Amino acid sequence: MSSSSLPHAQRTAAEKREADLHHLILSNINQVNENIRLLRLQVSPTRLVKARLSITTTFHSELHPFRPGQWLDVYLPGIRQPGGFTVTSTPNDAQWSDGKPGYLELAIQKSPNNPPAAWLWRPEAEILASGVIVRVGGSFVWPPPNVNPAAIMRLVFVAGGVGINPLISILSHIHQHPPQFVHQISFLYTTRFPQSKEPSSVLFLDRLCRIFGDWDGHHTLNLFLTQCSEAEKQELAMKMGADSARQETVRGRISHRDLLNALGPVEEREGTVVYICGVPSMTDDFVNLLRGAEGMEESRVLCEKWW
């Protein structure tokens, strides 16, 4: 059996997990496009919810601070194996504020053959306000393990499709809590041209534009669109209202040259850290390239292998 066909719990068995389980309420569903839903799981008061769940234990209402980039084991009614879904919100969002409960956000891709994902794609009326049980895990996080955060001067994020999920959590957290020493952030995001031809149908593009719109010209967003014409690309860029000094829209895929340019000058790369998440072939290719690039080393090129 290939690793991609293994259930989430088996595929991630060696990963660290928190001991506590948390009971959350599915409070909101937002349809991004024909294949992606954004879900909000709201922090609930302490409750024991054992009926219809294959768990018999105590649940905790307060979420311990998780690290940006982590995922959840998600236990759903009637499904024995938990699903694995990356948290796309920030640790700040999970905290109670001004009397409002915190939440965790998940981006769920339509996957009829994946029972947990299929359950979360059921009609809204059937699943809204349902209770779910979650546990936090994962090691693809910010700050990066085994790297001194004070030594990081340049951050490079490389996202392919739904591989943006852990990276948007990390980037949003950095936007909320800017690292003192990081002076340049580059975000390279490759995705298919949306069927609707609207920027809002590109997962997290609106959030990326807001973040980079707040920052100065040292931080840049590069969107790489596939399966589109030059005219379609230009039309989407106009709708985005992209600031050419901070945002660039390109027709085609991310190239090796794009990646190497993002690392910065060779003599400055000892302060560069790269996060990569995308489809297997892209991730393996880019990781091998960047770990072998002059001035780079393995510990500063991080990747999430969710397959």
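Leu205 sits in helix 5, where helices (H or I, at least four residues) and strands (E, at least two) are DSSP runs numbered from the N terminus. This is a predicted model, in which local features need pLDDT of at least 70 and side-chain atom pairs count only at pLDDT 80 or more, while totals for chains, interfaces and linings use all residues. Residues are numbered from 1 along each chain as its sequence is written, and side-chain values use heavy atoms, with hydrogens and water left out.

Let's stay with Leu205 for a moment. Is Leu205 buried or exposed? With a relative accessibility of 1%, Leu205 counts as buried (buried is under 20% relative accessible area, exposed over 50%, partly exposed in between, with a 1.4 Å probe and protein chains only). Setting aside neighbours within four places in sequence, Leu205 touches Pro199, Leu223 and Met240; contact here means heavy atoms within 4.5 Å. As for Thr86, 119 residues away along the chain, its C-alpha atom is 17 Å from that of Leu205.

Met240 brings us to helix 6. Helix 6 covers residues 230-240, and its buried residues include Lys233, Leu236, Ala237 and Met240. They span an arc of only 100 degrees around the axis, so they share one side of helix 6; the arc is taken from the directions from the helix axis to the C-beta atoms. The background is simple: an α-helix has 3.6 residues a turn, so residues three or four places apart point the same way. What do the buried residues of helix 6 pack against? Their partners are helix 5, strand 10 (220-226) and strand 11 (247-251). Turned away from that buried side is a face with the exposed residues Ala231 and Met238. After helix 6 comes Gly241, with a positive phi near 65 degrees.

| Residue | Phi | Loop |
|---|---|---|
| Lys197 | about 65 degrees | between strand 9 (184-192) and helix 5 (205-214) |

Asp98 counts as exposed because its relative accessibility is 77%. Lys197, at 37% relative accessibility, counts as partly exposed.

One more backbone detail is worth a look. Which residues does a cis peptide bond join? Trp142 and Pro143 are the pair, and omega is about -5 degrees. Pro143 belongs to the loop between strand 7 (131-137) and strand 8 (154-160).
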